[in-house]
Amino acid sequence: IKALVVVLVYQLPPLLVAVVSVGGLFALGSGNDTLGLVGLLVFLIGMLLAAVLWIVFGYLGVVGVLTFAQEREIGAAFDIETIRSVALERDFFINWLYGLALVIGLNFLVGIVLFSVQLIALIPIIGWIIAFLALFLIGPLSAAVSFYGQLVAFRVWGRGYAESRGFGSASRAGDDDSTPIS
């Protein structure tokens, strides 16, 4: 629960920017073309800013969660000096990119499989039956693959965190699990 609080706090700034940006859409229905254009620009610029903030705070949020996991204190997740020192380390950044690519890649593959099932469902009767039965297998399997992908991503991020904080030798070649993190 505490890690969820850490994630929510880190995601608050981009969430607030996105909510304010969506408010700009209300101006579209005002009947005033100028006000509608301003509302649309507020929405587009705000959502672009929110997307950038989601990436930045998502990166910092992973550092915060990992710091919380190591220190076991919720305040440690927001220790600016620790967050900055880890976030600016090359080792952590590279591992973060690996983990991010893994999560995006696996979820993309899951999406392709689920889309394929939807295409099969376009075939009348036999396609409906095949798709219906396939979803009983693919649904839970896709959730498990996504979950496992996130576990592996956090493992990769944890290794990058350990490397950036100088905890043991976290070599990728040997991947020696006997090295203690704390």
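In the predicted model, the axes of helix H2 (residues 33-71) and helix H4 (residues 90-120) approach within 12 Å and cross at roughly 110 degrees. Axes are lines fitted to C-alpha atoms, for helices over the stretch in contact, with angles running from 0 to 180 degrees between N-to-C directions. H2 and H4 are therefore roughly perpendicular to each other, a term covering angles of 65 to 115 degrees. Helices are DSSP runs (H or I, at least four residues), numbered from the N terminus. Ile55, Gly58, Tyr59, Val62, Val63 and Leu66 of H2 meet Phe92, Phe93 and Trp96 of H4, where contact means heavy atoms within 4.5 Å. By class, the residues of this contact comprise eight nonpolar, one polar and no charged. Ala, Val, Leu, Ile, Met, Phe, Trp, Tyr, Cys and Pro count as nonpolar, Asp, Glu, Lys and Arg as charged, and the others, Gly among them, as polar.

Residues are numbered from 1 along each chain as its sequence is written. In this predicted model, local features need pLDDT of at least 70 and side-chain atom pairs count only at pLDDT 80 or more, whereas totals for chains, interfaces and linings use all residues; side-chain values use heavy atoms, with hydrogens and water left out.

The largest pocket holds about 310 Å³ of space. A pocket is an open set of points on a 1 Å grid over the protein atoms alone, where a 1.4 Å probe fits, with protein on both sides within 12 Å along at least five of seven lines; lining residues have an atom within 4 Å of a point. The volume is the space filled by probe spheres set on the points, which are joined across faces, edges and corners. The lining of the largest pocket consists of 15 residues, with Val7, Gly58, Val62, Phe154 and Trp157 nearest its centre. At least two lining residues come from each of helix H1 (2-23), H2, H4 and helix H5 (126-165), and H2 gives the most, with five. The lining has 10 nonpolar, five polar and no charged residues.

Two individual positions were also examined. Alanine 50 lies in helix H2 and is buried, with a relative accessible area of 0%; buried means under 20% (1.4 Å probe, protein chains only). Apart from neighbours within four places in sequence, alanine 50 is in contact with Pro14, Val17 and Ala18. Serine 142, in helix H5, also counts as buried, at 14% relative accessibility. Serine 142 touches Val110 and Leu114, residues up to four places away in sequence not being counted.

Conventions:
Angles under 35 degrees count as roughly parallel, over 145 as roughly antiparallel, 65 to 115 as roughly perpendicular and the rest as oblique. Buried means under 20% relative accessible area, exposed over 50%, partly exposed in between (1.4 Å probe, protein chains only).
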